[in-house]
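Here are a few exercises on helix packing and aromatic rings. Try each task before you read its solution.

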Amino acid sequence: MSHFENKGLILGVMAGTAGISLLLIWYHKIRRPGAAVSAPALLAVGERFDPARLQNEAHGEQGAVMVLHGRQLQILEKLSGLLVSVDELKREVKFLKEALPKLEELVRAELQGKGAVQRVSPSHRAARRRRAEAAPGAAETTSSEEAESEGGYITAHTDTEGESEEEKGWMKSPDVMRLEEEEEELFNFLLQVDSLHKGSEDDKKESFRLLLEKEDKYENCASFLWRVARAYGDLFEMTTDAEEKKKYVTDGKIKAEKAIQLDARNAESHQWFAIMCGYMSQFESVQNKIRNGYLFKEHLDKAIELKPQDPFLYYLNGRWCYSVAQLSWIEKKVAAALFGTPPTSTVEEALQNFLKAEEMCPGYSKSNYVYLAKCYKDLGQKNSALKYCDSALSVLPVTNEDKEAQKDLEALLLTLKL
């Protein structure tokens, strides 16, 4: 039913109500309850008939009718306004019904767009916190109203990001979910292997066994392969059989080299390839020993470039410098013949590397103390050499390297006391 039809119906009802009301007033005036009409009464009424009084009563009834008519008009005006409001409300409801599907599409498109542009993660939130902490002056100059406004925006934005993350979780394809599960599995496995590497010899053997079990699965993962090379290095240190040592170091070198091929920016891959080259020099001729020495230095420098905060790398660099400084005349000539320019270094350079390792990590190792004592002894600084001998004596030998360092320390003390 249209707006005009509703209005016509209500006007008709109100007009009918007004007519009935007038009839009731008239009836009430001419007949009161309980009154009986008789001939004498009619005669008495006729005798008491007053034209002026009748005229006054007619005027009173007309005034009552006008008041009632005015109230009816007010009611009609209010009803008319109500009908207009209802009609406007109907139009708004219709508009909202039409707009809701479009709004849903816009929200979905916005969420998908955020997922494609940036993936919000704890690290991104941490980066935003660091940027905010890095500019306290800018935050202090912000007014209270601006701060409230910005705070409200940030809160809303964060909530939207959370919803976006949740929606993206539902939108992930099976391939993406499987890949994430595999990455998490590898991460947990490598944590287990690293923990075992820091344990006893039995733990290190268990670490090696677990790595071999997963070798086929992760053969193209640099982070896995350099750990395999490290495990071969552990076995090299633990065994006393020369043939086993040579086999372990050969296999370890192959794994480390492949790790570098897969990821040339991985510091540990370069580090363990350099260590394997150093181990190999124990079983090689002078020619191959010098060649491995060049490879050792090349990849050790690369590892230091990629991981300059590791004291172990400076200890290794000190070992290389000290070994080169101790090369015999014949070895230097062979190196010059093979490579044009022989490797060069000095005891002073070796000392600086050992001191840097000690500075970065005081009490780093027994072996580092022994080499510090050797350097000072070669430089003629006997008191400093004895000082580091005492430091080395305070460290109990635990690893095979410590035990070898203990032997060197005992021989060094005999020389210094002569």
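**Exercise 1.** Which lysine lies over the face of Y314, and at what distance from the ring centre?

*Solution.* First, some ground rules: this is a predicted model, where local features need pLDDT of at least 70, side-chain atom pairs count only at pLDDT 80 or more, and totals for chains, interfaces and linings use all residues. Residues are numbered from 1 along each chain as its sequence is written, and side-chain values use heavy atoms, with hydrogens and water left out.
Next, the test: a charge sits over a ring if NZ of Lys or CZ of Arg is within 6 Å of the ring centre and within 35 degrees of the ring normal. The lysine is K356, at 5.2 Å from the ring centre of Y314. K374 does the like for Y371, at 4.6 Å from the ring centre.

**Exercise 2.** Work out how helices α13 and α15 are arranged.

*Solution.* Start with the axes, which are lines fitted to C-alpha atoms over the stretch in contact, with angles running from 0 to 180 degrees between N-to-C directions. Helices here are DSSP runs (H or I, at least four residues), numbered from the N terminus. The axes of α13 (residues 311–325) and α15 (residues 347–360) come within 8 Å and cross at roughly 165°. The two helices are therefore roughly antiparallel (angles over 145 degrees). Their crossing is left-handed, as the near helix is turned anticlockwise from the far one by less than a right angle.
Now the contact (heavy atoms within 4.5 Å): α13 brings residues including Y314, Y315 and Y322, and α15 brings residues including F354 and K356. By class, that makes eleven nonpolar, three polar and three charged residues; Ala, Val, Leu, Ile, Met, Phe, Trp, Tyr, Cys and Pro count as nonpolar, Asp, Glu, Lys and Arg as charged, and the others, Gly among them, as polar.

**Exercise 3.** Find the aromatic cluster that includes Y315, Y322 and F354.

*Solution.* Pair up rings of Phe, Tyr and Trp (its six-membered ring) whose centres lie within 6.5 Å. The structure has 15 such aromatic pairs. One cluster is formed by F312, Y315, Y322, F354, Y364 and Y371.

**Exercise 4.** Say how α12 and α14 are oriented to each other.

*Solution.* The axes of α12 (residues 286–306) and α14 (residues 329–339) come within 10 Å and cross at roughly 70°. That angle is therefore roughly perpendicular (65 to 115 degrees). The contact includes I290 and Y294 of α12 and L338 and F339 of α14. Sorted by class, it holds seven nonpolar, one polar and three charged residues.

Key:
Parallel < 35°, antiparallel > 145°, perpendicular 65-115°, else oblique. Phe/Tyr/Trp six-rings, centres within 6.5 Å; stacked < 30°, edge-to-face > 60°.
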